[in-house]
Amino acid sequence: MKFAYYPGCSARSTCAELNEATHKVAAGLGLDLVQIDSATCTGARELRAIDPVNFYTLNVRILALAEREGLPLMTICNTCTLNVLDAHAAFMDDPELAATINARLADEGLHYSGRTRISHFLWVLYEDIGEERLRALVRRPLTGLTVAAFYGCHITRPPQRYKFVDSRNNTALEHLAKILGCRPIDYSGRTECCGFHTAAHDERIAIKLTGQHIQSAKANGAQTMVTPCPLCHTVLDSFQHEIEKDMGEKLDMPILHLPQLVGLALGLSPEELRLDRHMIAFDPRMETA
Amino acid sequence: MSGTLPHGEARRLGQSERQDTLQSRNSRFAPGDTITVRVRRSDDGQLAEFRVPYRKWMRVLDALNWIAENGAPDLAYRWFCGSKMCGTCAVRMNGREVLACWEAVEPDMTIEPLRNLPVIRDLVVDRGPFERKVEALEPWLDRATPYSGFPEPLSHKDMKNASKALDCIGCMCCYSACPVIGLGDLTDFAGPAPLVQLGQTALDPRNDSAKVARSLSLTGIFNCVSCYKCEEVCPASIPIVTQVIEPLKAKAAALVPAMAKHSTALRATIAARGYVDPTALVLRVRGLAALLDLPRALRLLVRGKIDPIKTAFRRKTPASAAAARVLGQGRPSGDQPSGDRP
């Protein structure tokens with residue numbers, strides 16, 4: 001199975017371990033990831049608000065690069081995923097916008113016709129690998145590991161994109177955790193916001209919000225948290241010292257990127273998955289505790 | 001499930017097994033069923049439990065009416081129209097903001113007052129803080145130039161976003177669901193409900209931009225975390241983030257540029273590099289003061305979370321060339337995607 005691979009900015013900087021782990025896990029799953037080198041940032045939340053036409057252009061350009069390769073696009077970041085999904089929808093809804101964008105893409109010989117299938121790594125596991133094959137690929141079931149799934153926002157909201165009446169009903173991560181042998185726990189933070197998108201100008205929101213989520217995961221018996229989004233990971237892991245300082249409480253909660261959790265179950269080592277790049281250490285012995 | 005799911009299904013996992021549709025709600029009951037309802041009472045802060053006989057198509061409001069008539073005549077709750085118009089009956093049911101008059105009952109329900117507003121009694125909250133915020137935002141139309149005469153040049157495209165905001169019934173569901181408002185006075189964020197009220201006129205192109213700028217500068221709008229919690233609970237299905245808050249942010253970036261420092265810095269970072277270097281972004285937004293927390297910078301450096309060399313020496317790449325081509329063409333494109341206004 002071949003995908004045009006879009007890692008996004010975070011997995012190429014702050015969360016470079018996610019990019020490395022994704023490549024290793026993809027190899028283990030039989031996914032062939034094709035780099036699209038000239039792909040840019042999708043514009044995060046900021047460009048999409050203040051500069052919509054250019055936001056759509058950057059995103060449709062990414063979709064056009066995948067379309068030129070004749071490949072579906074695989075993402076590993078919630079916000080990137082929603083951005084390309086929204087740009088695709090806007091492109092299909094507004095012929096005038098579509099024409100404007102294609103005229104600009106023509107400068108570099110690109111054209112988008114709306115054919116690129118967009119899939120986050122989490123969805124690829126279910127739709128392209130399949131539960132049966134995934135179970136067969138699990139070499140080291142993570143038996144006994146209690147996991148708190150942290151969805152974040154942009155993989156389960158807004159309602160007009162994902163059709164949840166109540167986004168808390170999403171079970172994709174918990175179901176996956178069970179396939180890998182873990183025991184998912186229930187807690188209040190599952191589909192709450194980490195506050196990343198205001199952190200560049202004011203970290204206090206992220207620190208306060210995410211502190212509540214980690215605390216709830218811990219109180220409900222989680223040994224680790226797992227997230228499909230590197231932006232959430234940044235707040236959960238890289239900000240955890242600041243969160244602990246703010247709460248006056250030791251949390252010491254290791255945070256895994258989704259591909260790392262899958263990789264551990266596939267039998268990859270913590271070193272191969274670059275768990276050493278996290279601020280809060282994950283103790284591999286926890287699995288058998 | 002055992003094999004692969006059809007494309008598009010994985011993103012909806014949980015919807016069918018958890019009956020996450022409005023239609024499926026009533027199918028959870030059989031005639032003669034009893035509903036367990038726990039209501040948060042303000043006298044003692046405790047949940048009072050009631051057993052309510054289920055009636056077909058029963059709504060949360062019907063259950064509250066039954067309790068008031070049969071169990072707790074002193075229960076305080078508010079409603080007027082009973083038909084999703086007046087916006088007075090919003091409560092939280094099992095942790096989610098709903099209109100009592102428009103929500104099907106669940107077999108097991110905990111009913112609580114909205115968050116983020118003072119409780120007057122039981123399920124009745126004081127809307128005062130919201131109303132005072134809205135008043136300060138001057139949410140009315142002022143023309144900078146006199147009415148140009150009939151027919152007025154105004155298209156559905158011009159009013160696309162404002163008309164969505166005009167669907168608001170002022171129920172405060174979004175205000176209760178907003179996590180940033182939940183942090184109290186930590187920020188100056190006005191919150192989704194006041195912003196929707198402002199959007200009704202501020203997103204109207206006839207409005208006086210000096211007045212809109214004045215209003216926007218009071219909103220702390222860039223403290224919205226884009227979590228879409230407000231959209232999720234909006235009974236009027238207003239795309240609050242996409243069609244109200246984001247267009248208002250675009251207006252703020254154009255009319256009060258100092259507010260949009262983070263957004264314009266991110267735009268500049270992408271234009272220069274093709275992607276976002278988080279360190280470069282934070283330095284652009286906060287200046288060199290961001291370097292003051294040395295122990296933290298060191299911790300991040302040790303784990304490879306920051307890369308000063310990469311931040312300091314940016315390379316020209318195919319992505320940076322592409323970003324420069326797209327973004328390097330002057331000013332932001334404004335708040336009207338295919339802008340047909342002059």
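User: Why is Leu137(B) called buried?

Analyst: A residue is buried if 20 or more other C-beta atoms, placed from the backbone, lie within 10 Å of its own, exposed if 12 or fewer do, and partly exposed in between. Leu137(B) has 20 other C-beta atoms within 10 Å, so it is buried. The structure is a predicted model, in which local features need pLDDT of at least 70 and side-chain atom pairs count only at pLDDT 80 or more, while totals for chains, interfaces and linings use all residues. Residues are numbered from 1 along each chain as its sequence is written, and chains are lettered from A and ligands numbered from 1 in the order in which they are written.

User: Where does Leu137(B) lie, and which residues is it in contact with, leaving aside its neighbours within four places in sequence?

Analyst: Leu137(B) lies in the loop between α3 (128-136) and α4 (160-165) of chain B, where helices (H or I, at least four residues) and strands (E, at least two) are DSSP runs numbered from the N terminus. Two residues are in contact if their C-beta atoms, placed from the backbone, lie within 7 Å. With neighbours up to four places away set aside, Leu137(B) is in contact with Pro194(B), Gln197(B), Leu198(B), Ser215(B) and Leu218(B). Asn161(B), 24 residues from Leu137(B) in sequence, is 18 Å from it in space, C-alpha to C-alpha.

User: What makes β1(A) a largely enclosed strand?

Analyst: Strand β1 of chain A (residues 2-6) has 4 of its 5 residues buried, so the rest of the structure largely encloses it.

User: How do you know that β1(A) pairs with β2(A)?

Analyst: Two strands pair if DSSP finds at least two bridges between them. There are 4 bridges between β1(A) and β2(A), residues 32-35, and the two strands run parallel. Within this pair, Phe3(A) stands opposite Leu33(A).

User: What makes β1(B) and β2(B) a hairpin?

Analyst: In chain B, β1 (34-40) and β2 (47-53) run antiparallel and are joined by 7 bridges, with Arg38(B) of the one strand having Glu49(B) as its bridge partner in the other. The two strands form a hairpin with 6 residues between them, and Gly45(B) in the turn has a positive phi of about 75 degrees.

User: Which strands are the edges of the open sheet in chain A?

Analyst: The sheet has 4 strands in the order β6-β5-β7-β8 of chain A, with parallel pairing. Its edge strands are β6(A), residues 183-184, and β8(A), residues 255-257, each of which pairs on one side only. Strand β5(A), residues 146-149, pairs with β6(A) over 2 bridges, and Pro184(A) in β6(A) is the bridge partner of Val147(A). Helix α9(A), residues 172-179, packs on the sheet by touching β5, β6 and β7 (224-227) of chain A, and its direction makes about 160 degrees with that of β5(A); such angles run from 0 to 180 degrees between the N-to-C directions of lines fitted to C-alpha atoms, for helices over the stretch in contact.

User: What makes a set of residues a nonpolar core, and how many residues does the largest one have?

Analyst: A nonpolar core is a set of buried Ala, Val, Leu, Ile, Met, Phe, Trp, Tyr and Cys residues joined through C-beta atoms within 7 Å. The largest such core has 188 residues, and Cys174(B) and Leu248(B) are those with the most contacts inside it. Helix α3 of chain A (residues 52-69) gives the largest share, 10 residues. Cys174(B) touches Pro192(B), Ala193(B), Cys230(B), Val233(B), Cys234(B) and Ile240(B), residues up to four places away in sequence not being counted.

User: How many residues of chain A are in contact with chain B, and of what classes are they?

Analyst: On the chain A side 72 residues are in contact with 70 residues of chain B, and α3(A) supplies the largest share of that side, 6 residues. By class, the chain A side has 27 nonpolar, 22 polar and 23 charged residues, where Ala, Val, Leu, Ile, Met, Phe, Trp, Tyr, Cys and Pro count as nonpolar, Asp, Glu, Lys and Arg as charged, and the others, Gly among them, as polar.

User: How much of chain B is buried?

Analyst: Buried residues make up 41% of the 342 residues in chain B, whose secondary structure comes to 14 helices and 7 strands.
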